[in-house]
Structure formats: C-alpha cells, structure tokens
Amino acid sequence: ILRTLFKTAALKILVKCGVFDDDPKSVYSFTHCCLKTEVKMCAVAGAINVQNAYNVIIPMLHALQYRGENGSGLALASYDGKLIHERTEHLVPDLVTKIIGSGFRPNDHQYYCGIGHNRYGTSGDKRSIDNAQPFRFEMPWGWLFLSHNGDSPFAVEDRKTLMEQGVALSTTSDSETILQQMGLAKTNDLL
C-alpha cells in the first residue's frame, strides 16, 4: 500500500512538473512500469547504541547486497572516540576481509554505532573506490560520515556551483556535493 501511495504521489509531482501529462495512457504506463519493476538504489544500514555495531550492520549489508554491487563500506565509532572507516569497490565479503585484515576483531564490543553502505552506481564512475561510501568529511566539530541512497536531482548544477567557488571535488558521486555544501555552511547546526 505504501509503495502504491508513494508512486501515486510521485506521479502527481511528475504531472505537475510537466514530465507526464494527464493522459490515462501515460499514467498507466508510468504506474505499470514502476509497480512491476524493481528500482535499483543503494542500500544504507546503520545502528546506534548497540553492544557491537559491526555484528549488527555487516549482516544487514550482506542481506542487502542485491541493492548494490559497485562497492561497500562501513564506518564505526566507539565511546572513547575511536573510528574505523573502510571501503571497497567490491562486495561485502571483500569489505569484511579488508576490515579484519586491518586488525579489527569482529567481537570487539567497544564500537556502539556505525553506518554501512552498498553502492548501486547511478551517478559518477560505477566501480570506483573514490565513490564507495560512507564518505568521510572533517567538519569544524569532528568527523562526519555520510551514506546516501538516491540521486540528487541537481547534481550537475551543484557540482558546477561548487567548482566555481573553488571547491576541489575528489569523487564523481553526487553524494559528495552534499558534504561539500555542509562544509561551506560554516555552522554547527546542520539541520
């Protein structure tokens, strides 16, 4: 039901914006297409205030692997400020190998929160370590990790504006523009 409501709302927006007209054939075409086919997008999984964030997030990323095969990543935080950040342009098993290979112990209970991401490349280079998320960005108050699901409708314009302002972009992902804009906001209140 929610999926149908979302598609109906999305259709109304597209009609209002002139993407589709009110012709019943175009409406049927849109709803039939969207309701019958699976839309591919990235997977984002997170946990907060759990005993072992790694053992919560990694199984979720495994289960959601079908949502993205162009990269996987994980960021974890401990109460004493330790951070783990690892990404790969491959699948979750490769991510696990990289994390454990760095000396991390999966049963280490000090990491209470984290965020993970499986990339389905719809923007930028499809298989690139630079575009694998979560992205890590240093803010005035500390590190921020971002995992994003979806496409920015203004990605081209946002990239152009940022480059005109002299911002050096290090990826071809539209998600980086979100972080760069947050950094330019020069505020501790990002809401």
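Colleague: What share of the protein chain's contacts with a separation of 6 or more is made by residues 24 or more positions apart?

Modeller: In this predicted model, residues 24 or more positions apart account for 63% of the contacts with a separation of 6 or more in the protein chain. The chain has 191 residues, of which 40% count as buried, that is, they fall under 20% relative accessible area.

Colleague: Which secondary structure elements does the chain contain, and in what pattern?

Modeller: There are six helices and six strands. Along the sequence they follow the pattern α-α-β-α-β-β-α-β-β-β-α-α.

Colleague: What is the strand order of the open sheet, and what is the sense of its pairing?

Modeller: The four strands stand in the order β1-β4-β2-β3, and their pairing is antiparallel.

Colleague: Why are β1 and β3 placed at the edges?

Modeller: β1 (43-47) and β3 (83-88) each have a single partner strand, so one side of each is left without a neighbour in the sheet. On average, neighbouring strands of this sheet are turned by 5° against each other, direction ignored.

Colleague: How do you know that β2 and β4 are paired strands?

Modeller: Pairing requires at least two bridges between the strands. β2 (residues 72-78) and β4 (residues 111-118) are joined by seven, in the antiparallel sense. A75 has I115 in β4 as its bridge partner.

Colleague: Which helices pack on this sheet?

Modeller: Helix α3 (residues 53-63) touches β1, β2 and β4, and its direction makes about 15° with that of β4. Helix α4 (residues 92-101) touches β2, β3 and β4, with a direction at about 140° to that of β3.

Colleague: What makes the other two strand contacts of the sheet count as pairs?

Modeller: The cut-off is again at least two bridges. β1 and β4 have five, in the antiparallel sense, and A47 stands opposite G114 in β4. β2 and β3 run antiparallel and are joined by six bridges, with A77 opposite L83 in β3. Four residues separate β2 and β3 in a hairpin, and G81 in the turn has a positive phi of about 90°.

Colleague: Which residues form the covered and uncovered faces of β1?

Modeller: A43, A45 and A47 make up the covered face of β1, while V44 and G46 make up the uncovered one. In a regular strand, side chains alternate between the two faces of the sheet.

Colleague: Why are α3 and α4 called roughly antiparallel?

Modeller: The two helices pack at an angle of about 155°, with their axes 9 Å apart. Angles over 145 degrees count as roughly antiparallel, and α3 and α4 therefore belong to that class. The contact is made by Y54, I58, L61 and H62 of α3 together with V92, P93, L95, V96, I99 and I100 of α4. These residues of the contact divide into nine nonpolar, one polar and no charged.

Colleague: Which members of the largest nonpolar core touch the most other members?

Modeller: Among its 16 residues, these are Y54, I57, I58, L61, L74, L76 and F104. β1, α3, β2 and α4 each supply at least two residues of this core, and the largest share, five residues, comes from α3. Residues up to four places away in sequence left aside, I58 touches L74, V92, L95 and V96. Another core lies apart from the largest one and has six residues, among them F135, M139, L146 and L179.

Colleague: How do you know whether S147 is buried or exposed?

Modeller: S147 has a relative accessible area of 12%. The limit for a buried residue is under 20%, so S147 is buried. S147 is found in the loop between β6 (142-146) and α5 (155-164). Beyond its neighbours within four places in sequence, S147 is in contact with V44, I115, G116, H117, Q133 and P134. The C-alpha atoms of S147 and E176 are 9.9 Å apart, although 29 residues separate the two along the chain.

Colleague: By the same criterion, is P140 buried or exposed, and what makes it so?

Modeller: The relative accessibility of P140 is 67%. A residue counts as exposed over 50%, so P140 is exposed. P140 lies in the loop between β5 (135-139) and β6. Its C-alpha atom is separated by 8.0 Å from that of K186, which is 46 residues apart from P140 along the chain.

Technical notes:
Residues are numbered from 1 along each chain as its sequence is written. This is a predicted model: local features need pLDDT of at least 70, side-chain atom pairs count only at pLDDT 80 or more; totals for chains, interfaces and linings use all residues. Side-chain values use heavy atoms; hydrogens and water are left out. Axes are lines fitted to C-alpha atoms, for helices over the stretch in contact, and angles run from 0 to 180 degrees between N-to-C directions. Contact means heavy atoms within 4.5 Å. A nonpolar core is a set of buried Ala, Val, Leu, Ile, Met, Phe, Trp, Tyr and Cys residues joined through side-chain atoms within 4.5 Å. Buried means under 20% relative accessible area, exposed over 50%, partly exposed in between (1.4 Å probe, protein chains only). Angles under 35 degrees count as roughly parallel, over 145 as roughly antiparallel, 65 to 115 as roughly perpendicular and the rest as oblique. Ala, Val, Leu, Ile, Met, Phe, Trp, Tyr, Cys and Pro count as nonpolar, Asp, Glu, Lys and Arg as charged, and the others, Gly among them, as polar.
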